[in-house]
Amino acid sequence: MFAAATKSFVKQVGDGGKLVPVPSLSEADKYQPLSLVVKKKRCFLFPRYKFTSTPFTLKDILLGDRDISAGISSYQLLNYEDESDVSLYGRRSNHIVNDVGINVTGSDSIAVKASFGVVTKHEVEVSTLLKEITARKINFDHSLIRQSRSSRKAVLCVVMESIRTTRQCSLSVHAGIRGEAMRFHFMDEQNPKGREKAIVFPAHTTIAFSVFELFIYLDGAFDLCVTSVSKGGFEREETTTFAMFYRLRNILFERNRRVMDAISRSQLYLDDLFSDYYDKPLSMTDISLKEGTHIRVNLLNHNIPKGPCILCGMGNLKRETVYGCFQCSVDGVKYVRLHAVPCFDIWHKRMK
């Protein structure tokens with residue numbers, strides 16, 4: 001019943017979706033400014049998050065004994081009195097039944113009356129708090145930090161504002177059948193399935209709150225996520241590993257690109273040589289036909305195996321040949337492998 005009333009309050013007050021209703025009366029005193037709560041997503045089917053109270057404050061999880069002296073401002077928000085009736089049909093009926101906590105068998109609606117009176121808003125001075133925590137670090141040995149860090153779905157949050165009552169308040173819930181003439185009609189004694197329940201709770205009870213998420217780094221530093229764009233959580237070691245992996249991948253890609261560019265330039269140079277060779281008459285290119293030039297030989301006849309041509313077989317395409325020249329030497333080898341046509345003539349043309 002308390003949860004139903006606080007949900008209705010948050011829905012009507014709004015505040016851009018930042019306000020969170022207090023889920024139960026027994027935990028209302030745990031949602032004070034600078035208290036810590038744990039935010040978890042229920043499951044992928046439900047977009048809403050579940051907030052769980054903790055017995056700790058922000059100071060408890062920080063290293064050092066220095067208190068946090070950020071100021072808390074208070075002011076009157078509004079005077080809240082609400083009477084509403086809700087149908088038990090539809091997809092939200094099960095949640096409503098659980099919230100009101102009464103037997104609704106045989107009923108088609110419930111009427112809720114909430115009298116909160118004047119409520120006040122208590123909020124932390126954000127600028128002062130940010131200055132206070134600039135050089136503070138998180139204590140990773142704290143039990144709440146260890147447990148939250150082990151869960152990937154848990155996000156630690158700091159309560160930044162709370163809305164409280166200023167006087168003794170009452171809640172009443174009635175279950176029955178809607179009447180045609182009246183807004184709500186209760187069943188008579190002959191059909192005693194209607195239900196009614198009322199509670200009274202003390203002044204200064206928290207009925208709603210809002211939070212800032214914490215993003216905690218590996219070195220213990222942390223940020224307050226003061227905007228809805230920034231998200232809280234824990235920096236994971238995998239994040240650093242993935243960053244190193246992507247940097248290494250980019251380095252390898254860049255190196256591979258440079259190698260391919262070099263191969264492409266070499267291939268263009270060979271293409272120019274070959275086109276220059278084929279574009280000229282045979283009498284100008286076939287140096288082996290001229291007197292005093294080097295001689296083509298079949299290297300297999302000299303027990304030298306087939307291998308890549310020194311001119312066109314050094315790139316990504318390993319073009320091999322059995323021909324070569326004994327009058328040329330490269331890197332201490334007393335012969336070179338060269339295709340009979342056109343590499344032999346192009347090589348010796350360059351040598352000249």
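In what order do the three strands of the open sheet come, and is the pairing parallel or antiparallel? The order is E12-E15-E16, and the pairing is antiparallel.

## The model and its confidence

This is a predicted model, where local features need pLDDT of at least 70, side-chain atom pairs count only at pLDDT 80 or more, and totals for chains, interfaces and linings use all residues. Residues are numbered from 1 along each chain as its sequence is written, and side-chain values use heavy atoms, with hydrogens and water left out.

As for pLDDT (the predictor's confidence in each residue, from 0 to 100), the chain has a mean of 77, with 72% of its residues at 70 or more.

## The open sheet

Two strands pair if DSSP finds at least two bridges between them. Strands E12 (297-298) and E16 (336-337) are the edges, each pairing on one side only. E15 (residues 323-325) is joined to E16 by two bridges, and Cys 325 has Val 336 as its bridge partner in E16.

## Nonpolar cores

A nonpolar core here is a set of buried Ala, Val, Leu, Ile, Met, Phe, Trp, Tyr and Cys residues joined through side-chain atoms within 4.5 Å. Buried means under 20% relative accessible area, exposed over 50%, and partly exposed in between (1.4 Å probe, protein chains only). The largest core has 26 residues, and Phe 9, Phe 116 and Phe 209 have the most contacts inside it. Helix H1 (2-13) and strands E5, E6, E7 and E9 each give two or more residues to this core.

Leaving aside neighbours within four places in sequence, Phe 9 touches residues including Leu 78, Tyr 80, Phe 116 and Ile 163. A second, separate core of 24 residues includes Leu 62, Leu 156, Met 160 and Phe 222.

## Cysteines

A disulfide is a pair of cysteine sulfur atoms within 2.5 Å, and a search of the whole structure finds zero. For Cys 225, the nearest cysteine sulfur is that of Cys 157, 8.6 Å away. For Cys 309, it's that of Cys 343, at 3.8 Å. Cys 309 is buried, with a relative accessible area of 0%; Cys 225 is buried too, at 9%.

Terms used:
Helix = DSSP H or I, 4+ residues; strand = E, 2+ residues; numbered from the N terminus. Contact = heavy atoms within 4.5 Å.
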